[in-house]
Amino acid sequence: MSSTTTAATTASPAERTGAHTDEAAALIGGARERIDALDDRIIGLVQERMAVSAVIQEARITSGGRRVNLSRETAVLSHYRDALGKPGTTLAMTLLELCRGRV
């Protein structure tokens, strides 16, 4: 076992979380577990969105259309921006990029 691993496993909860009290460390530890679970769900939803997008692209291309529908992408960007502010646009762009060209 490396010294980094040993240090991480022997560190107190306060040291692992950056908190100054054990109570805060416990709160942070629980919240981080919740965030990890949420991240797993978000990743699953993104993967599901990618699969659905591939079906849409396949149908559009098979019917003679283009791979990307720019008016739809603009609507998605607006939706995310309206819900989350300017960073929502960045998030939407990342999602759209992940979902393009999977056919």
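Here, buried means under 20% relative accessible area, and exposed means over 50%. The model shown is predicted.

**View 1. Helix H5, from residue 86 to residue 99.** H5 holds 14 residues. Its first and last C-alpha atoms lie 20 Å apart, close to the 20 Å expected at 1.5 Å a residue.

**View 2. The buried side of H5.** Five names belong here: Gly-88, Ala-92, Leu-95, Leu-96 and Cys-99 are buried. They sit on the same side of H5 because they cover an arc of only 100° around the axis. An α-helix has 3.6 residues a turn, so residues three or four places apart point the same way. Helices H3 (22–62) and H4 (70–84) are among the elements that cover the buried residues of H5.

**View 3. The exposed face of H5.**

**View 4. Helix H4 and its buried residues.** H4 has 15 residues. From first C-alpha to last, H4 reaches 21 Å, close to the 21 Å expected at 1.5 Å a residue. Glu-73, Val-76 and Leu-77 are buried in H4. Their arc around the axis is only 100°, which puts them on the same side of H4. The cover over these buried residues includes H3 and H5.

**View 5. The exposed face of H4, and the residue just after the helix.** Ser-71, Arg-72, His-79, Asp-82 and Ala-83 are exposed on the face turned away from the buried side of H4. Just after H4 comes Gly-85, with a positive phi of about 80°.

Definitions and conventions: Residues numbered from 1 in each chain as written. Predicted model: local features only at pLDDT ≥ 70, side-chain atom pairs only at ≥ 80, totals over all residues. Heavy atoms only, no water. Helix = DSSP H or I, 4+ residues; strand = E, 2+ residues; numbered from the N terminus. Expected span 1.5 Å × (residues − 1). Buried < 20%, exposed > 50% of the residue type's maximum accessible area, 1.4 Å probe, protein only. Arc of directions from axis to C-beta. Contact = heavy atoms within 4.5 Å.
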